[in-house]
Amino acid sequence: MTSQPTCDILIAPDDHARLMAHLFPGDRDEHGAVLHAGVVASGPALRLAIRHVEPAMFGRDYVKGKHGYRALDPTFIHHQITQCRDQHLAYLAVHNHDCDRRVSFSRIDLQSHDRGYPALRDIGKGIPVGALVFGRRSVAADVWLPDGTRRPLGTYRVIGQTIMRLYSDPQSVSGASLAHDRQVRMFGTAGQAVLGMSKVAVVGLGGVGSLVAEYLARLGVGHLVLIDPDSIEGTNLSRVVGATAADIKVGLPKTKIAVRHAREMAIDTVIDAISEDVTKESVAETLRDCDFIFLAADSMRARLLVNALVHQYLIPAVQIGAKIRPNTSGLLEDTMSAVRHIRPRYGCLWCNGLIDPVQLAIEAKTDEERKDQAYGVNAPNPSVITLNAVAAAHAVNDFLFDFLSIRSQKNEAAYQHFHFLKGEVKRVIPRRDSNCSECEHRFGMGDAMELPTVTG
C-alpha cells in the first residue's frame, strides 16, 4: 500500500522567525497570515518555497469569523491571491492553535477549506492554494492542487545554516542497520533516518567530489545524484577516489567510477549518475528537489547555476575546492582549501565576487572560439589529494552537524579558508547585497523563474 503524496514546505530562518513572532506574540490568542510560495514540481514530489510572509493585521485583516473563531478578511484574501496568481506563486493561509508538539486542523477549519478553496483555486488560475496551522513546535498543511487533489505536510524545513524540521506530530523511527551502528551512537536513529530519506547531489567528481561521494555513501544517504561530464585521465589517478589504471585505458566516465565505488559500501542507495554538464537545462532540472548540494566543480557556470538553485529553490549547498598558486618563478605563493556554505539570502557567490563575469563569458565560448579570440584553453590546475581531503572532510562534517541539527541552531556561518603555508584558518563573513540580481531577484521563486542553463 503506497502512502499519500505529501508537500514539503521550505522557509528561510528570518521569515520563519517573523512568522512565529506574529503568530505567537504571547497573548495565547489566534493570529493569521498569508504566505507566497514558489512551486517546485518534480514528478510526484511537491515543494513550496516561501518567498514572502504577509502578516494579517489583527482586527483589520484577521477578524471575527462567520463560522469559526476568527478568519482572514475577504478583501485581504483577494489581494493576496491575485498577487500570488500574477507571480505564479502558491497561496497559503496561516493561523495558529495554542498547542506545542502536535497540531491539526479543527473540523471547522476543514469545513472552511471546503467552502472557500475551490473558489480560490479558480481565482488562482492554476496555482496551488492551501493552509498551514502552527503549534509552537509543530505545523500541519492542507494543500489543494489544480488537478483537484489535496496534500498534507511532509516536512516543514527552516533552511538556515542549521536545518530545523517541524512536523504535525513527533516522528517515530525504527532502528538503524548494523553498518551504521557507530555513527548512530553519535546522532541517533532519528538522524540516520533523515540521512536515509535525503536526496543529496555532488556536482563534480574530481579530487574533491569523489571523496565527498564516498563519505555520503558510507554515511547512508538514501539518494545520491552524481554529476560530472568528464572521463578519467592519467593525471587524475593520484586523486580521484576509486579510480584504477584499467579505468584510464578505457577512459571510463568519472560517474561510473563513483557509482562503482559507492556500491561497495552502499548497496541500497538510489544513485542517479549523470555524465553531462550540470548547466544543461535537462541536468539542472534534476537538482530542483535535492535536499543538499555539494558543488565541487570549479567552473563559473556551475557556480552560477548552483547559486541560483540555492536561492530560487531554498536548497542548502556548499562550494568546496582546493587551490595551489605558484608565482612567476614557480615558487608556491599559497596552498589552500575552501569551504563556503551557501544558504537562502546568505553566502551568495555573486554577492561575494566568487563568480567572475569575464570568466563566465569565456566559458560560454567553445574551445575553438577561445583559440580564435586569443583566450587560449585553460591549462590544468595543480591538485593534491591531501588538500582536497581537507575541503571534503570539513564540508561533509559541517553537512552532518548542520543538516541533522546536532549543534545549536544558527543561521549564519563564515566561509572557511585553510591556508597551509601560513598554517592559518581564515573565517570570512560573506557580504550581502540587498539589490543582488541573483539571490534577491530569484529568492523563493521556484519553477516560476528559469534557471541560468543552456538548452539540452
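Helices here are DSSP runs of H or I with at least four residues, strands are E runs of at least two, and both are numbered from the N terminus. This is a predicted model, in which local features need pLDDT of at least 70 and side-chain atom pairs count only at pLDDT 80 or more, while totals for chains, interfaces and linings use all residues. Residues are numbered from 1 along each chain as its sequence is written, and side-chain values use heavy atoms, with hydrogens and water left out.

Back to H5 itself. Nine of its eleven residues are buried, so H5 is mostly covered; buried means under 20% relative accessible area, exposed over 50%, and partly exposed in between, with a 1.4 Å probe and protein chains only. The buried residues include Gly209, Ser210, Glu214 and Leu216.

A nonpolar core is a set of buried Ala, Val, Leu, Ile, Met, Phe, Trp, Tyr and Cys residues joined through side-chain atoms within 4.5 Å. The largest one has 42 residues, and Leu195, Val212, Leu216, Phe294 and Ile320 touch the most other members. Among the elements that each supply at least two residues of this core are helix H4 (181-196), helix H5 (209-219), strand S14 (292-295) and helix H12 (385-403). Another core, of 32 residues, lies apart from it, and its members include Ala297, Ala317, Leu354 and Tyr415.

What does leucine 216 contact, leaving aside its neighbours within four places in sequence? The list is Val200, Val202, Val221, Leu224, Phe294, Val396 and Phe399, where contact means heavy atoms within 4.5 Å.

Now the helix pairs. Axes are lines fitted to C-alpha atoms, for helices over the stretch in contact, and angles run from 0 to 180 degrees between N-to-C directions. The axes of H5 and H12 come within 9 Å and cross at roughly 40°. That makes H5 oblique to H12; under 35 degrees counts as roughly parallel, over 145 as roughly antiparallel, 65 to 115 as roughly perpendicular, and the rest as oblique. The crossing is right-handed, that is, the near helix is turned clockwise from the far one by less than a right angle, anticlockwise being left-handed. Leu216 and Tyr215 are among the H5 residues in the contact, and Asn388 and Val396 among those of H12. By class, this contact of H5 with H12 has twelve nonpolar, one polar and no charged residues. Ala, Val, Leu, Ile, Met, Phe, Trp, Tyr, Cys and Pro count as nonpolar, Asp, Glu, Lys and Arg as charged, and the others, Gly among them, as polar.

H4 also packs on H12, at about 95° with the axes 11 Å apart. H4 is therefore roughly perpendicular to H12. Met186, Phe187, Val194 and Leu195 of H4 meet Phe399, Leu400, Phe401 and Phe403 of H12. The contact of H4 with H12 divides into eight nonpolar, no polar and no charged residues.

Is it buried or exposed? At 16% relative accessibility, alanine 243 counts as buried. Alanine 243 is in the loop between S12 and helix H6 (245-250). Not counting residues up to four places away in sequence, alanine 243 touches Ile232, Leu237, Ile257 and Arg260. From alanine 243 to glutamate 233 is ten residues in sequence and 9.6 Å in space, C-alpha to C-alpha.
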